[in-house]
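Grab a viewer and let's work through a few exercises together. Each one has a task and then a solution in steps.

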Amino acid sequence: MRNKFLVSITGLVFCSSTLLAQDTAVYNHALLEHIDKKYNGLAYLLNKKSNKVFAQLQKQEQKLISKLSKLDTSKAKNLQISSSAAYQDLPTQLMKEKGNSVSAVRNYIPAFDSVQAMMSFINGGNGIKSVAALQEQLQIANYTKTFLQNRKQALQVALAGTPLAKQLKQVQKTAFYYQQQIQSYRETLKDPDKIQKLALAELSKLDAFKSFFAKNSQLANIFRMGVAENELDAASINGLQTRQSMRVALQQFESAGANPQQFVQRQVQSATGELQTFKNKINNAVGGNGEAGMPSFKPNTQKAKSFLQRIELGFNIQSLRPNGLLPVTSDLAFTLGYKLNSQGVIGVGMSYKMGWGNGISDMRITHEGFGLRSFVDWQIKGGFYMSGGYEQNYMQSFNRLSELLNQPMSTWKQSGLIGISKKYKLGKKKGTLQVLYDFLHFSNQVNTQPVIFRTGFNF
């Protein structure tokens with residue numbers, strides 16, 4: 001598919017300015033489908049996350065109001081009125097936010113704008129529904145962050161001086177992890193995938209696309225690029241000043257004998273002071289000592305990631321010396337871990353015991369066993385982890401995997417492992433070294449070595 005897109009976009013360079021050429025129309029459609037599917041998916045996730053956080057926060061508020069009513073009925077009643085009004089007005093505010101041009105400016109993402117213009121260009125200058133839907137959800141997400149902050153402050157004021165003030169941590173977690181999740185979605189838009197980058201690189205060679213982008217991109221609409229000055233003054237964006245209004249203001253200063261440059265510098269200094277004052281007020285309101293977005297709890301860095309992003313694939317190998325019953329063997333294991341947080345990983349795995357024979361003179365590959373594993377790694381300090389696990393190993397030779405299904409569990413060897421792991425960077429992967437002690441090694445008929453050394457890497 002990637003090669004088809006390459007043919008498609010490269011073909012655009014040689015088909016002059018038309019996008020309806022028969023040999024590229026099919027591939028252009030495939031490119032639009034690819035991006036359209038991606039943007040629809042992101043819009044769906046944003047909408048789902050916003051709706052979920054509203055419901056979650058409202059439920060948390062009602063629990064706090066119920067507890068507050070047992071301590072102070074007057075405060076509980078006022079908080080209930082505030083809460084009900086906020087959530088009843090929420091649908092109206094969300095509808096307004098969808099058409100808020102100033103909010104669109106605040107949510108400007110250059111890479112998203114470029115792909116948006118590319119899609120419109122390939123589609124003959126027509127808008128794309130998935131782009132509009134995604135832009136709306138980004139604006140709603142921005143409003144949602146403000147809404148969460150306002151409700152958090154309202155709860156802090158209402159619960160101040162009561163034992164319930166300490167229970168606001170759950171509300172803080174809800175707001176913080178929502179912001180983290182939205183930021184991860186925005187990062188996806190800031191870094192287009194390989195197909196999008198390829199298409200943009202090829203289209204950027206076209207003068208037709210450059211002209212189209214200069215007039216139809218979101219950035220061009222914000223600053224009215226390519227528009228005549230008289231049209232620019234007439235078509236202002238709500239919330240932004242026109243050139244004409246700025247020109248008139250500066251002329252008034254000049255006619256009064258004032259220096260416009262000095263005036264602007266004074267205003268910038270004044271605005272900086274006001275901004276710092278406002279920042280301090282927010283910090284005081286949220287009860288923090290640093291940035292307003294800094295939580296008062298230790299955040300889980302994995303919380304905002306999707307399930308697949310928290311999956312960690314691994315491979316490790318351990319070799320065993322002959323013990324009289326088994327030839328020299330190597331355990332080749334594949335593991336599947338799930339990151340609980342920045343410190344802990346739990347997972348499962350499977351191992352295959354491969355025999356190498358009894359030396360150089362008798363080297364042969366044999367199937368000497370199979371194993372099932374579970375494990376836990378917990379970070380102690382830096383790259384050092386405390387590791388533990390439970391394993392079941394079949395320690396007899398076999399020819400086919402189907403033979404293992406007919407074996408009773410009594411023939412499988414148990415292993416209880418505990419030890420230390422060291423994780424380090426290995427190119428784009430993470431290397432691992434493990435020293436483990438098997439405290440169940442003596443409880444089986446096949447008495448293997450108690451200390452196990454494993455090495456491997458994680459993808």
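This is a predicted model: local features need pLDDT of at least 70, side-chain atom pairs count only at pLDDT 80 or more; totals for chains, interfaces and linings use all residues.

Residues are numbered from 1 along each chain as its sequence is written, and side-chain values use heavy atoms, with hydrogens and water left out.

**Exercise 1.** Find what the side chain of K353 meets in a salt bridge (a side-chain nitrogen of Lys or Arg within 4 Å of a carboxyl oxygen of Asp or Glu).

*Solution.* 
- Step 1: the partner is D331, at 2.6 Å from N to O.
- Step 2: D331 sits in strand β2 (residues 329–339) and K353 in strand β3 (residues 344–357), so the bridge ties together parts 22 residues apart in sequence. Strands here are DSSP E runs of at least two residues, helices H or I runs of at least four, both numbered from the N terminus.
- Step 3: D331 is buried, with a relative accessible area of 3%; buried means under 20%, exposed over 50%, partly exposed in between (1.4 Å probe, protein chains only).
- Step 4: K353 is buried too, at 3%.

**Exercise 2.** Work out whether K67 is buried, partly exposed or exposed.

*Solution.* 
- Step 1: locate K67 in helix α2 (residues 22–69).
- Step 2: its relative accessible area is 40%, so K67 is partly exposed.
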